[in-house]
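Q: Could you take a close look at the part where the two chains meet, and walk me through it in one go?

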Amino acid sequence: MSFNTLAYYWREALQSIARNSWLSAASVGTVAVSLLIVGIFALLVVNTNEFTRGLESGLELRVILREGQSRDSIRNLQGEIQKLPGISLVEFVSKEQALEEMKKSLKNRRDILEGLENDNPLPDAFRVKSARADQIPDLAARLEGMEGVDQVVYGHGLVEKLVSATRWARLAGTGILAVLCLAAVFLISTTIRMSVFARRKEIGIMVLLGATNWFVRFPYLLEGMILGFLGAVLAGSAVYAGYISLVSYIDQTLPFVHPVTDRQTIFMVLGGVLATGLFIGAVGSIFSIRRFLKT
Amino acid sequence: MINFYNVTKLYPNGVKALNDISLAINRGEFVFLVGPSGAGKTSLIKIIFREELPTRGQALFNGKNIARLKGREVPYLRRKIGMVFQDFRLLPQKNVFENVAFAMEVTGASTKQIKTRVPLVLERVGLLEKARVFPSELSGGEQQRVCIARAIVNNPAVLIADEPTGNLDPDTAWGLMELLEEINKSGTTVIMATHAKEIVDAMKRRVVAMSGGRITRDEEGGVYSNEL
């Protein structure tokens with residue numbers, strides 16, 4: 001490919017954008033809006049994923065043991081629990097430790113626990129964590145059937161609800177992302193189709209003059225990719241600026257909420273937005289030009 | 001260099017445009033295709049140019065079966081054929097130089113090649129001083145010369161003209177014929193489909209007469225029509 005051919009591709013693509021400046025601006029705008037929503041959604045998904053992961057890892061079961069068991073049998077039981085699949089943590093909490101924890105959590109009202117040291121009513125227990133939240137109900141049932149276990153306590157119902165809610169949130173998020181991307185492809189392909197249509201005579205002449213299909217196609221492909229890229233840059237910068245200010249606002253007003261702020265994740269989202277823009281532009285223009293090139 | 005063996009072209013709407021045509025055109029010839037509208041001249045040209053495929057029979061270009069060319073080989077066939085149209089088909093937003101240069105650009109020629117070759121061709125068709133003028137400011141004859149310049153700029157083996165004088169007044173048409181004759185003298189095969197009786201009769205070249213999709217007459221130094 002000669003330099004002149006490369007220059008021709010760029011000249012044609014930029015000329016066509018300039019010639020249809022209003023239409024080009026409109027399609028950059030629509031891509032920008034679509035990708036803006038895509039970007040916001042991606043950040044939302046990233047954050048809910050992070051949030052639910054935090055919730056899931058915070059979920060624990062408390063395995064309450066029968067009174068009056070020997071240290072040995074407790075140690076055996078701990079070993080057995082550890083062997084169960086999907087267990088990430090097993091920790092023995094003696095009745096003394098349980099009382100300490102309770103005192104700590106009550107802080108300034110600890111006086112009500114006064115005098116319980118000598119006749120501690122709290123049971124010995126294990127604190128068990130599961131690697132995955134959706135396994136907790138099964139795990140609880142198995143633990144309950146084990147020798148020496150009195151009772152298994154966990155956020156009954158809450159766990160099940162949380163699991164199904166996060167599953168639906170992920171599914172819906174992915175679905176909406178896909179639909180938005182399709183809409184953007186459609187919009188850009190319409191723009192390119194109009195630009196191809198405006199020059200169908202020129203394309204016909206090019207084919208008659210012995211232009212290869214790629215030679216005809218490439219300027220439009222480039223045009224679509226430029227439009228997609230410009231839209232993505234607009235959307236990306238808006239998403240970035242908006243998210244940064246949102247994060248600082250949340251930091252000040254809702255200090256207990258921790259949005260995802262690590263640069264790698266954010267840049268991955270922005271890079272994804274740019275790549276999607278290029279891809280949308282390319283796919284959109286390929287769709288439009290295909291009809292005009294049949295040999 | 002162009003050989004048709006029993007070529008039949010049947011369009012999907014049932015029209016039989018070509019009916020068992022056999023024809024051989026040799027390198028360096030000047031051939032008139034004559035006949036009434038609908039005789040099959042344009043279909044014959046379209047098959048050479050691979051805009052249409054023959055329904056039956058074989059059409060060869062330089063010994064290669066045109067119908068068997070792969071999609072990506074077709075552009076290279078077309079670069080060997082210069083096409084001149086009755087309606088010129090110039091790009092209105094490009095000037096004369098750019099219109100001619102465009103034919104080189106699509107073949108991937110460099111700027112340097114274009115800058116040396118295009119003025120030579122424009123000089124040959126007598127339009128060098130109008131290189132920066134747009135087609136809309138040219139007369140019909142001048143536009144047709146631009147079209148011829150564009151057709152020959154890539155040194156094609158064949159120049160095919162489909163009624164090139166159809167939109168021109170007689171004087172202009174004669175000037176154009178002189179140009180085509182010159183191009184033919186320099187070795188390019190010329191095939192011209194036409195209705196212009198006076199031109200055909202005066203040129204005394206090979207005449208292939210067609211009617212109803214068949215070749216009715218093929219003679220060297222012939223005239224437009226035998227009956228009068």
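A: Let's start with chain B, which has seven helices and ten strands (DSSP runs, H or I of at least four residues for helices and E of at least two for strands, numbered from the N terminus). Keep in mind that this is a predicted model, where local features need pLDDT of at least 70 and side-chain atom pairs count only at pLDDT 80 or more, while totals for chains, interfaces and linings use all residues. Residues are numbered from 1 along each chain as its sequence is written, chains are lettered from A in the order in which they are written, and side-chain values use heavy atoms, with hydrogens and water left out.

Now the interface: 17 residues of chain A are in contact with 24 residues of chain B (contact being heavy atoms within 4.5 Å). About 1800 Å² is buried between the two chains, and carbon and sulfur atoms give 60% of that (the accessible area, with a 1.4 Å probe, that two parts lose on being put together, summed over both). On the chain A side, A:Asn4, A:Leu208 and A:Leu209 lose the most area to chain B, together 36% of what that side buries.

As for charges, there are two salt bridges between the chains (a side-chain nitrogen of Lys or Arg within 4 Å of a carboxyl oxygen of Asp or Glu). B:Lys94 and A:Glu12 pair up in a salt bridge through their side chains, at 3.8 Å from N to O. Helix H1 (3–19) and helix H7 (200–208) of chain A are the elements giving two or more residues to the side that touches chain B.
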